[in-house]
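Please consider the sequence and the three-dimensional structure shown here. The paragraphs that follow lead through selected features of the structure.

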Amino acid sequence: MKKETAATRRKRLLYKPVSVFDALGEHDEESIETISEAYRDLLDSGKTVRECVENARAMAEQWGFKPFERGVKLNPGDKVYTADNCKNIVLAVIGSAPLSDGARIMAAHVDTPGLDLKPNPLYEDSGLAMLKTHYYGGIKKYQWLAMPLELRGVVFLKNGGHVDIHVGADPYDPVLTITDLLPHLSAEQNKKTISEGFSAENLNVLIGLRPYADVAAGDEDRVKLAVMSWLNEKYGIVEEDLRTAELSLVPASNARDVGFDRAMLGAYGQDDRVCAFAGLHAILRAENPVHTAVCVLADKEEIGSEGISGIQSGHFDAFMEELCDMQQVKLRHCYAKSFCFSGDVCNAYDPNFADAHDKRNNARLGYGVSVVKYTGSRGKSGASDASAETFSRTRGLLEGAGVVWQTGELGRVDLGGGGTMACFIARRNIEVIDVGISLLSMHAPFEVVAKADLFMLCKAFSALFAD
């Protein structure tokens with residue numbers, strides 16, 4: 001018997017991370033660009049949760065999905081969706097196997113850290129019109145300063161109607177901004193920590209300077225009145241309507257290619273809209289699956305998945321229960337046989353901040369899908385922590401579909417931590433594991449992903465629905 005060489009044994013026994021670029025097929029580069037362009041379009045048009053859900057609904061209908069109707073018989077291959085409160089959506093393709101055999105579920109979130117307006121936001125100070133904000137989710141406050149911002153959202157009127165607000169997206173629109181302190185006057189600020197030096201109550205948005213023409217000099221709120229007059233003429237709203245509005249500030253910039261090679265994509269809100277897009281991409285193309293394929297796009301993950309539009313609400317369960325009732329299957333029996341990819345991102349290893357990572361265990365940009373066994377903080381607090389059986393099953397699915405994958409974590413142990421929706425899926429007795437991709441500058445106004453990783457993620461979710 002021929003003796004095994006050291007090189008052969010090394011290849012057989014030792015693990016070595018694989019770059020996606022070393023595993024691409026002949027036509028994969030073209031597919032990567034096609035998928036990236038579609039993703040870019042959704043990022044630019046969907047910078048708020050409402051916009052993301054509406055985009056998903058519109059795309060679903062274009063692909064033959066129908067609104068779910070209670071009592072209407074569904075057959076294998078039928079495509080249905082249910083959207084609730086304009087803030088979350090669940091899509092399903094009915095499988096040939098009964099729901100007693102379980103479903104294949106991909107769950108992601110479409111909310112992202114941002115800035116929301118307070119209920120009484122508009123005021124004037126020293127001749128400047130300003131808006132008060134309340135930050136949402138975890139983002140470094142200083143990152144919002146001295147950058148152009150858009151205002152997006154919906155305002156409900158006293159008569160029951162509503163109007164959509166978009167200011168700053170069009171190249172001819174004005175933009176808004178939060179001012180920063182000049183370095184010449186920052187001596188006291190520089191003595192403070194980052195969290196102390198940038199107050200949440202000072203994240204006030206500059207929106208106007210010109211006084212209303214017919215108000216005498218010295219009178220109060222001349223600039224505020226001018227701004228409110230502009231809003232009234234353009235949108236038909238009065239200040240009282242702002243109290244019931246849902247308005248957010250987002251970066252006034254669109255997704256851009258990053259790098260001379262254009263191999264990366266930078267944009268706001270990619271955590272977790274990159275996984276939401278990949279899940280939507282996969283379920284739209286799911287045809288006649290064996291097990292019912294379900295894609296859940298939820299809200300409020302950044303603050304614990306709370307509220308009526310978060311994954312902890314009853315919306316997903318109510319929809320699944322309706323499907324089960326049609327087949328005379330108990331919901332708990334369906335859940336016990338189901339399998340779920342909790343689609344969420346993790347941080348990519350960043351050589352600029354090497355001390356924050358465990359280089360051997362952090363995911364790397366361009367090395368494919370990231371499978372995260374556990375998240376949480378410190379001693380895995382708040383983690384789902386998938387079992388070895390679940391991880392092995394995931395490995396088989398990915399490798400069977402030719403998906404390049406890696407493992408990931410959220411940085412060094414005890415340095416910080418975070419969570420995903422996986423723990424809330426697991427509470428339903430659904431087998432679940434986190435599957436996503438890695439990001440650079442996660443939770444910043446401009447996050448970076450590898451286009452090739454997104455391509456692999458779409459393949460991963462398609463493999464789940466085909467299982």
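Ala450 touches Ala263, Met264, Leu365 and Gly366, when residues up to four places away in sequence are not counted; contact here means heavy atoms within 4.5 Å. The model is a predicted one, in which local features need pLDDT of at least 70 and side-chain atom pairs count only at pLDDT 80 or more, while totals for chains, interfaces and linings use all residues. Residues are numbered from 1 along each chain as its sequence is written, and side-chain values use heavy atoms, with hydrogens and water left out.

Ala450 belongs to strand 22 (residues 447-450). Helices (H or I, at least four residues) and strands (E, at least two) are DSSP runs numbered from the N terminus. Ala450 counts as buried because its relative accessibility is 3%; buried means under 20% relative accessible area, exposed over 50%, and partly exposed in between (1.4 Å probe, protein chains only). The C-alpha atoms of Ala450 and Ser438 are separated by 8.3 Å, the two residues being 12 residues apart along the chain.

Asn347 lies in strand 15 (residues 346-347) and is buried, with a relative accessible area of 14%. The side chain of Asn347 takes part in a polar contact of 3.0 Å with the side chain of Asn362, and in another, of 3.4 Å, with the side chain of His357. A polar contact is a pair of N or O atoms within 3.5 Å; within protein, one must be able to donate a hydrogen and the other to accept it, and residues adjacent in sequence count only if both atoms are side-chain atoms.

On a 1 Å grid over the protein atoms alone, a cavity is a set of points where a 1.4 Å probe fits but cannot get out, and a pocket is an open set with protein on both sides within 12 Å along at least five of seven lines; lining residues have an atom within 4 Å of a point. Grid points are joined across faces, edges and corners, and a volume is the space filled by probe spheres set on the points.

The largest pocket holds about 1,100 Å³ of space. Which residues are closest to its centre? Of the 37 residues that line this pocket, they are Asn347, Leu410, Gly417, Met442 and His443. Strand 19 (417-418) and helix 11 (422-426) each supply at least two residues of the lining. By class, the lining has 15 nonpolar, 16 polar and six charged residues, where Ala, Val, Leu, Ile, Met, Phe, Trp, Tyr, Cys and Pro count as nonpolar, Asp, Glu, Lys and Arg as charged, and the others, Gly among them, as polar.

There are four cavities of 30 Å³ or more. The largest cavity has a volume of about 150 Å³, and of its 13 lining residues, Leu42, Cys52, Arg273, Ala276 and Phe277 are the closest to its centre. Helix 2 (28-45), helix 3 (49-62) and helix 7 (270-284) each contribute at least two residues to this lining, with the largest share, four residues, coming from helix 7. The lining of the largest cavity has 10 nonpolar, two polar and one charged residues.

The second largest cavity has a volume of about 50 Å³. Its lining consists of Asn88, Val90, Val296, Ala298, Gly310, Ile311, Ser313, His315 and Phe316, of which five are nonpolar, four polar and none charged.

Finally, the structure holds nine aromatic pairs. Rings of Phe, Tyr and Trp (its six-membered ring) pair if their centres lie within 6.5 Å; planes under 30 degrees apart count as stacked, over 60 as edge-to-face and the rest as tilted. The pair of Tyr142 and Phe198 is tilted because the ring centres are 5.6 Å apart and the planes stand at 45°. Tyr142 is partly exposed, with a relative accessible area of 32%, whereas Phe198 counts as buried at 18% relative accessibility. The rings of Trp230 and Tyr235 have their centres 6.4 Å apart and their planes at 80°, so this pair is edge-to-face. Ring pairs also link Phe339, Phe341 and Phe461 into a cluster.
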